[in-house]
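Thank you all for coming.

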Amino acid sequence: MGDKCDFSLSQIRRLCHQLCSSSCVQEKRRGLHEQLLRQRPHWSVQKKDEQFHKIDLGVKVPFDISLPLPARDEREDSGHGVKLFWERFSCQHCGRCCYTPGAGLLLEDEDFERIAEHIGKKTLKSMCRYDKGLHAWILKQPCPFYSPDEKKCQIYAIRPLTCTKYPLHPPLKEMPYNLAVDAFCPAARQFAKDSLGWWIICENNWAKLLCKIEER
Ligand code: SF4
Ligand code: SF4
C-alpha cells in the first residue's frame, strides 16, 4: 500500500458490503464457513461460551445483536442478506414481542387505514394513543391483538409493518452494513448463536478486500 490510504472507513465498509452482497451470502448458504473453520477456527467460535453469555443477556437487557449478513440498502438487488435471514429464521411463537408491556407500537398511516378497515376506526382508536410529536397512532402494549389463549395474533394477515419485520432492527450505527436483530427475541438469540461461524466468511472477505487495497 502507498504511504497514504485514500479510503475512508465508510468507503471500505461500502466495498465490503458490495463484496458481501455478491459473494458472502452465497458462501454462507453453501456452508463454506465449516470448511474455513476446519482450516482456522474463528475467535467468535473459539470463545463460544463468552459469546453465548453476551447474547443471553438479551433476556434482561435491551440491545441489538449484529449479524454477519449484509443489510439491505438503497441499491438495487441488495436484499440478499435479508432474504437469507428470513429463510433461516424460525420464530418460536413465544409471543413475547406481542404481550410484553412497553411504550407501544407505532402504526404507519397505511397500517392504521388497513386495520381500521377491518375493525372500524373507533375500535382501533380505543386501542391506541395519539402521539402529537410523531403525528401517529401508537398501539398500546401489551398488544390488544394478541390472544394469550390461542397464543397468536388475531390480525396476523394484516398486522402492522413493524411486526412483519420483527426481530430485524435498522442496522447499528457502528456496523451500518450488517443486519441487526433484537436480542429480546429468543429465536433471534438462537439465530445469532447458530451463525457465529459465519463471521469467518466476513473476516475472509475483509482479508481479500485489504489485499485489493494494498495492490493499489
Ligand atoms: S419474540 Fe421472537 S420468537 Fe417470540 S414470537 Fe416474537 S418473533 Fe417469535
Ligand atoms: S399486531 Fe399481532 S404481531 Fe403485532 S404485536 Fe400485536 S399481536 Fe403481535
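I will go through two cis peptide bonds and then two residues with positive phi.

Before that, please keep in mind that this is a predicted model, in which local features need pLDDT of at least 70 and side-chain atom pairs count only at pLDDT 80 or more, while totals for chains, interfaces and linings use all residues. Residues are numbered from 1 along each chain as its sequence is written, and chains are lettered from A and ligands numbered from 1 in the order in which they are written.

Let me begin with the cis bonds. Gln-141 and Pro-142 are joined by a cis peptide bond with omega about 0°, and Pro-142 sits in the loop between strand 4 (136-139) and strand 5 (146-147); here helices (H or I, at least four residues) and strands (E, at least two) are DSSP runs, numbered from the N terminus. The bond from Tyr-166 to Pro-167 is also cis, with omega near 10°, and Pro-167 belongs to the loop between helix 9 (161-165) and strand 7 (168-169).

Now to the phi angles. His-93, although not a glycine, has a positive phi of about 50°, and its place is the loop between helix 5 (80-88) and helix 6 (96-99). Is His-93 buried or exposed? With 10 C-beta neighbours inside 10 Å, His-93 counts as exposed, where a residue is exposed if 12 or fewer other C-beta atoms lie within 10 Å of its own, buried if 20 or more do, and partly exposed in between, with C-beta atoms placed from the backbone.

Lys-151, likewise a residue other than glycine, has a positive phi near 55° and lies in the loop between strand 5 and strand 6 (152-153). Lys-151 has 12 other C-beta atoms within 10 Å and is therefore exposed.
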